[in-house]
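This report describes helix packing, the chain interface and charged pairs in the structure shown below. Each topic is treated under its own heading.

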Number of protein chains: 2
Amino acid sequence: MAILVVGSVAFDSIETPFGRVDHCLGGAATHFSLAASYFTDVRVIAVVGEDFLPTHEAVMTARGIDTRGLERAPGLSFHWTGAYAGAMAEARTLGTDLNVFEKFDPKIPAAYVDTEYLFLANIDPALQARVRKQMPSVKMVCGDTMNYWIKDHAANLAVVLRELDVLLINDGEARMLSGETNPVLAARRVMEMGPKALVVKHGEYGATAYFSERMFPGFAPRPFRAPALPLAEVVDPTGAGDSFAGGFYGYLASQPVVTPAVFRRAMFYGGVMGSFAVERFGTERLQAVTWEEIEARFALFREISHLDDAV
Amino acid sequence: MAILVVGSVAFDSIETPFGRVDHCLGGAATHFSLAASYFTDVRVIAVVGEDFLPTHEAVMTARGIDTRGLERAPGLSFHWTGAYAGAMAEARTLGTDLNVFEKFDPKIPAAYVDTEYLFLANIDPALQARVRKQMPSVKMVCGDTMNYWIKDHAANLAVVLRELDVLLINDGEARMLSGETNPVLAARRVMEMGPKALVVKHGEYGATAYFSERMFPGFAPRPFRAPALPLAEVVDPTGAGDSFAGGFYGYLASQPVVTPAVFRRAMFYGGVMGSFAVERFGTERLQAVTWEEIEARFALFREISHLDDAV
């Protein structure tokens with residue numbers, strides 16, 4: 001079934017030990033959409049400026065992404081400038097030009113209202129809540145957030161959390177949101193805030209899913225740990241988390257029923273799409289991966305983590 | 001087959017958010033021996049002081065550990081004082097009293113010389129090399145080290161590394177030893193220094209094994225990632241790494257041949273024994289775990305990481 005994603009479609013200027021790019025297509029909704037597009041139909045809601053050209057839109061439409069929800073506004077698109085050094089575990093933000101994003105008021109096109117899977121990418125929780133409210137019959141809601149919203153927009157974020165099936169955040173965000181340093185206690189506390197399940201991303205170490213009894217009525221599965229692929233060359237980590245989310249949610253939405261086994265495979269597909277994303281700058285790799293490559297890498301993730309699969 | 005371990009048998013004074021203990025039995029060789037004792041015979045070489053009483057030795061002999069290699073010296077045993085706070089990822093060392101360890105000159109009892117599996121726990125690489133030299137017919141050598149030896153005893157450490165089949169270190173040590181921030185490049189560089197395989201411990205995220213072509217002649221398996229168990233209560237992380245090493249190497253030594261599949265299961269048993277170790281202060285938990293508990297936890301590690309095993 002189709003996914004509706006609301007978030008940023010932006011331009012990124014990025015410097016890593018492997019080089020630099022200026023104003024390449026980026027943004028959470030872009031990375032998410034491209035990754036998810038290999039699994040299911042994707043509809044995107046975002047605002048872009050006059051610098052967003054038909055060639056940029058073509059990157060999304062070439063992957064079958066429905067861009068009717070892309071709103072054009074006078075001015076420039078959201079622009080992020082960042083740099084990575086050393087182990088590239090964290091980006092150093094050098095500039096955040098919100099531009100047209102500052103007055104973004106997401107509107108759901110009529111053709112999108114019946115979308116069953118909603119993804120609230122990392123944007124102002126007030127906007128996330130507004131989108132959620134306009135889709136009363138949605139089947140599943142998954143979302144992301146970040147330290148800035150956790151710290152300074154807690155009340156708005158609390159409203160969004162109450163409506164979430166699955167929250168995807170990283171270790172630091174889980175600690176900050178819960179106030180707990182222990183990862184299991186942090187997960188419990190976060191799920192008490194609303195999410196039925198929590199996926200915590202660990203960067204180069206993979207991700208862990210935690211489940212409340214509300215996720216699969218009747219029982220709460222054990223946590224599940226999906227590996228990340230040890231990569232000799234990480235060219236640009238930008239969008240890795242959003243690509244993980246796209247692979248994860250895209251696979252979930254593509255399946256007739258979300259079972260624990262489907263959820264676990266979705267975690268692996270998340271890691272797979274994240275591992276492709278970082279091999280090139282910007283969206284380059286996720287524009288052109290093949291289904292054969294995805295399945296081969298899924299098998300590789302299995303081989304490096306399963307006792308009996310490898311030779 | 002039996003394992004000979006050389007390392008510290010010591011007393012630890014530890015403070016964690018769960019309480020404090022004074023002068024409890026500790027040391028790398030102690031944690032390693034107890035963990036490995038569930039899988040195979042263990043012989044230990046260390047030096048202790050006059051404060052090491054028959055009750056302390058009984059902790060080891062009760063697990064069948066051969067303590068004939070425990071040398072008594074006048075004075076006090078090695079004593080470490082440390083504290084953990086917050087997420088307890090790293091110990092803050094408050095005191096290191098080497099005491100009798102300062103003049104430790106390991107001697108191999110005649111009854112130990114034919115031991116086929118040697119573990120060089122984290123001690124001065126000059127001592128590690130001396131022990132290695134006294135056991136010319138050993139079948140497999142596995143070792144540990146730490147930042148202090150990497151930084152200030154590089155030449156001595158280089159001698160030890162050349163003789164190792166498997167080196168077990170953590171992420172920070174792998175970066176420091178290799179000078180590489182990327183984990184895959186770091187592993188390659190470390191294996192060029194001698195070890196045929198490298199196990200990098202990631203604390204709460206598990207561990208990754210990397211293999212050179214020399215480990216299993218004819219081919220180099222992919223890296224393998226073993227999970228750690230998400231624990232709601234980590235009472236005392238002291239000795240977790242040594243317990244991992246004990247479970248890992250104990251299982252390896254217990255098997256007739258070390259194949260890639262055996263190596264992978266050994267990684268899981270390492271995680272299993274590490275997960276027990278941190279549940280109580282000092283050696284308390286590893287003194288009294290049962291084989292049924294070990295097998296149940298192995299199954300749990302499998303369940304939280306394998307796509308098809310869980311319900």
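## Helix packing in chain B

In this predicted model, helix α8 (residues 240-254) of chain B packs against helix α9 (residues 260-277) of chain B at an angle of about 145°, and their axes lie 7 Å apart. The crossing of α8(B) past α9(B) is right-handed.

On the side of α8(B), the contact is made by B:A240, B:S243, B:F244, B:G247, B:F248, B:Y251 and B:L252. Residues of α9(B) in this contact include B:V262, B:F263, B:R265, B:M267, B:Y269 and B:M273. By class, the residues of the contact of α8(B) with α9(B) comprise 12 nonpolar, five polar and one charged.

## Helix packing in chain A

A helix pair is also described here for chain A. Helix α6 (residues 171-178) of chain A and α7(A) pack at an angle of about 60°, with 9 Å between their axes. α6(A) passes α7(A) in a left-handed crossing.

From α6(A), the residues A:A174, A:L177 and A:S178 make the contact, while α7(A) contributes A:A186, A:R189 and A:V190. The residues of this contact of α6(A) with α7(A) divide into four nonpolar, one polar and one charged.

## Interface between chain A and chain B

How many residues of each chain are in contact with the other? The contact involves 41 residues of chain A and 41 residues of chain B. Between chain A and chain B, an area of about 3600 Å² is buried, and carbon and sulfur atoms give 55% of this area. In chain A, the residues that lose the most area to chain B are A:Y205, A:R225 and A:L307, which together account for 23% of what that side buries.

Polar interactions also cross this interface. The rule finds 18 residue pairs in polar contact between chain A and chain B, with both residues at pLDDT 80 or more. Several elements of chain A, namely α7 (183-192), β12 (207-211), β13 (224-226), α9 (260-277) and α11 (291-303), each supply at least two residues of the side that touches chain B. The residues of that side of chain A divide into 23 nonpolar, seven polar and 11 charged.

## Salt bridges

Side chains of opposite charge can pair when their charged atoms come close. Over all chains, a search of the whole structure finds 30 salt bridges. The count between chain A and chain B is four. In a salt bridge, the side chains of B:E303 and A:R222 meet at 3.6 Å, N to O.

Within chain A, A:K196 forms a salt bridge with A:D165, and the closest N and O atoms are 2.9 Å apart. This pair links distant parts of the chain, 31 residues apart. A:K196 belongs to the loop between α7 and β11 (197-201) of chain A, whereas A:D165 is in the loop between α5 (154-161) and β10 (166-170) of chain A.

Terms used: Residues are numbered from 1 along each chain as its sequence is written. Chains are lettered from A and ligands numbered from 1 in the order in which they are written. This is a predicted model: local features need pLDDT of at least 70, side-chain atom pairs count only at pLDDT 80 or more; totals for chains, interfaces and linings use all residues. Side-chain values use heavy atoms; hydrogens and water are left out. Contact means heavy atoms within 4.5 Å. Buried area is the accessible area (1.4 Å probe) that two parts lose on being put together, summed over both. A polar contact is a pair of N or O atoms within 3.5 Å; within protein, one must be able to donate a hydrogen and the other to accept it, and residues adjacent in sequence count only if both atoms are side-chain atoms. Helices (H or I, at least four residues) and strands (E, at least two) are DSSP runs, numbered from the N terminus. Ala, Val, Leu, Ile, Met, Phe, Trp, Tyr, Cys and Pro count as nonpolar, Asp, Glu, Lys and Arg as charged, and the others, Gly among them, as polar. Axes are lines fitted to C-alpha atoms, for helices over the stretch in contact, and angles run from 0 to 180 degrees between N-to-C directions. A crossing is left-handed if the near helix is turned anticlockwise from the far one by less than a right angle, and right-handed if clockwise.
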